[in-house]
Amino acid sequence: QDKLADFNVGETGYFFLLDADTTIIAHPDEDMFLRNFKDDDVITHIVKSKSDVGIDYVLNDKPVHLSFCPVKGTNWTIVMSEDISEILLPVKYARTLVIIFMIAMVGIIAILFIFIIHKLVKRISAVNSMIDTLSTGEADLTVQLPIKHNDEIGALAGAMNRFLTKFRSIMSTVKDSENQLEEAGSILTNEISNTTSTVDQMAG
């Protein structure tokens, strides 16, 4: 009795001995000593069982798990009792850790998603701003949109840059043609002026 009381299982678990008559012959709780369970089907089953098994049971109004096995060379059965709540404690702890981990992962994914969306919106805004500026006719045609990623937005920025390069070339050609027309107009004006002077002299 005293030796058996020295063995503990976790915080609430303990061992006790049953004889063949379903009487407790050793128990940490002295009030349980020599208590008979002959009318209890579960305890009767434990005593009659010849294998090492376990079973859930309500003992002293507490749900417990009873693990038991026969003691060789005797008609005794040693039983280990442990509160089910204590057995499930690691499961609850693991479940709490899993929930915390999932919440943390959701938070990290949300932050990454917001960051990526912010970067995409910023790049799209740069292209949109360039298009708006072109529509006003006040765009700086020497500006090139930065291409940092090889994706759809990068392809759009590349197409915009090629358009600006081509448009800048066209405007340069138009400017050269305008200068040539101005020069030709000046020469033609001088020729007309000289011709008019000559005609006036001949008429005089």
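This section describes the fold, the nonpolar cores, the strand pairing and selected residues of a predicted model.

The chain contains 5 helices and 6 strands, and these elements follow one another from the N terminus in the order α-β-β-β-α-β-β-β-α-α-α. Of its 204 residues, 22% count as buried. The chain exposes about 14,900 Å², of which carbon and sulfur atoms supply 62%. Among contacts with a separation of 6 or more, residues 24 or more positions apart account for 37%.

The largest nonpolar core comprises 15 residues, and within this core L18 and L66 touch the most other members. Two or more residues each are given to this core by strand 2 (13–18), helix 2 (41–48), strand 4 (53–59) and strand 5 (62–70).

With strand 6 (residues 77–83), strand 2 pairs in the antiparallel sense over 5 bridges, and Y14 stands opposite S81 of strand 6. With strand 3 (residues 24–26), strand 2 also runs antiparallel, and the two are joined by 2 bridges. On the side of strand 3, I24 is the bridge partner of L18, so that the pairing involves a residue that, together with L66, touches the most other members of the largest core.

The hairpin formed by strand 2 and strand 3 has 5 residues between the strands, and T22 is located in this loop. The phi angle of T22 is near 60 degrees, a positive value in a residue other than glycine. For context, most residues other than glycine have a negative phi. T22 counts as buried because its relative accessibility is 5%, which is under the 20% limit for that class. One of the residues that touch T22 is T44, which lies in helix 2. Leaving aside residues up to four places away in sequence, T44 touches F37 and K38 as well as T22. T44 also counts as buried, because its relative accessibility is 18%. The contact between T44 and T22 therefore joins a residue buried at 18% to one buried at 5%.

A positive phi is likewise found at L34, where the angle is near 65 degrees and the residue is again not glycine. L34 is placed in the loop between strand 3 and helix 2. Whereas T22 is buried at 5% relative accessibility, L34 is exposed, because its relative accessible area is 53%, a value over the 50% limit for exposure.

Nonpolar side chains are also present on the surface of the model. V98, F101, M102, M105, I108, I109, L112, F115 and I116 form a nonpolar surface patch, and together these residues have about 900 Å² of accessible area. One of them, F115, lies in helix 4, which spans residues 89–136. F115 counts as exposed because its relative accessibility is 51%, which is over the 50% limit.

Methods. Residues numbered from 1 in each chain as written. Predicted model: local features only at pLDDT ≥ 70, side-chain atom pairs only at ≥ 80, totals over all residues. Heavy atoms only, no water. Core = buried A, V, L, I, M, F, W, Y, C linked by side-chain atoms within 4.5 Å. Buried < 20%, exposed > 50% of the residue type's maximum accessible area, 1.4 Å probe, protein only. Helix = DSSP H or I, 4+ residues; strand = E, 2+ residues; numbered from the N terminus. Patch = residues over 30% accessible without salt bridge, like charges linked within 9 Å, V, L, I, M, F, W, Y side chains within 5 Å. Areas by Shrake-Rupley, 256 points an atom, 1.4 Å probe, with all protein chains shown as cover. Salt bridge = Lys/Arg side-chain N within 4 Å of Asp/Glu carboxyl O. Pairing = 2+ DSSP bridges. Contact = heavy atoms within 4.5 Å.
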